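Hi everyone, thanks for coming. Let me put the structure up on the screen, and then we'll walk through a couple of bits of it.

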Amino acid sequence: FSLVSDSRQVNSEAVREIVFDTETTGLNPAGGDRMVEIGCVEIFNRVETGRQFHAYFNPERPMPSDAEAVHGLTNIFLSDKPRFGERAEELLDFLADSPLVAHNASFDFGFLNHELQHCGRPGVCTSRMVDTLMLARTRHPGAKHSLDALCTRFGVDRSQRVKHGALLDAQLLAQVYVELTGGRQIGL
């Protein structure tokens, strides 16, 4: 009986999830838009572990001004960043087989899978997708469901969010997700 087996038995109810967000050159990966940033935050039993994955990518195309206005990422800033494929293995190792939590998850999954396929890798199965936008709509029908609105609803400090940023937004979303799923429970 190995220690690995023993630790798996003890932690059989433990849940590892990855909360993530992306920033892009636009809204349509099929139309040539690319991911320029990804931020991932590991949570374990609804508690952030401090483990993160964050990367910027050279999209190999010009940044439209409307996209730059949202996230502030410029052509010059991204010009010396690696292409997605250069960090894909590291990202996939971090994600492992954990459920992936995102706000308006079909958007982020669409870009993630497009980038993975673009570099010859299989996409991530959408059965792993947890959509906080859908959770918020179900739990709070008729309310505002933007990340900013949910931060306000749950008292999550978003004072550092001047522009969209994948890592900061993933960190904020991790806190919102915990609240959407019942808050932190004593003893977990």
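This is a predicted model: local features need pLDDT of at least 70, side-chain atom pairs count only at pLDDT 80 or more; totals for chains, interfaces and linings use all residues.

Residues are numbered from 1 along each chain as its sequence is written, and side-chain values use heavy atoms, with hydrogens and water left out.

So, the helices. Find α7, residues 147–154, and α8, residues 166–180: they pack with axes 10 Å apart, at an angle of about 50 degrees. That makes α7 oblique to α8, oblique being what's left after under 35 degrees (roughly parallel), over 145 (roughly antiparallel) and 65 to 115 (roughly perpendicular).

Who touches whom? On the α7 side we have L147, L150, C151 and F154, and they meet D169, L172, L173, V176, E179 and L180 in α8. Contact here means heavy atoms within 4.5 Å. By class, that's eight nonpolar residues, two charged and no polar.

Now the cysteines. How many disulfides are there, counting a pair of cysteine sulfur atoms within 2.5 Å? The count comes to zero. C125 has its closest cysteine sulfur in C40, 17 Å away, which is too far for a bond. For C151, the nearest cysteine sulfur is also that of C40, 18 Å away.

And are they buried or exposed? C151 is buried at 1% relative accessibility, while C125 is partly exposed at 45%. Buried is under 20% relative accessible area, exposed is over 50%, and partly exposed is in between, using a 1.4 Å probe and protein chains only.

Methods. Axes are lines fitted to C-alpha atoms, for helices over the stretch in contact, and angles run from 0 to 180 degrees between N-to-C directions. Helices (H or I, at least four residues) and strands (E, at least two) are DSSP runs, numbered from the N terminus. Ala, Val, Leu, Ile, Met, Phe, Trp, Tyr, Cys and Pro count as nonpolar, Asp, Glu, Lys and Arg as charged, and the others, Gly among them, as polar. A disulfide is a pair of cysteine sulfur atoms within 2.5 Å.
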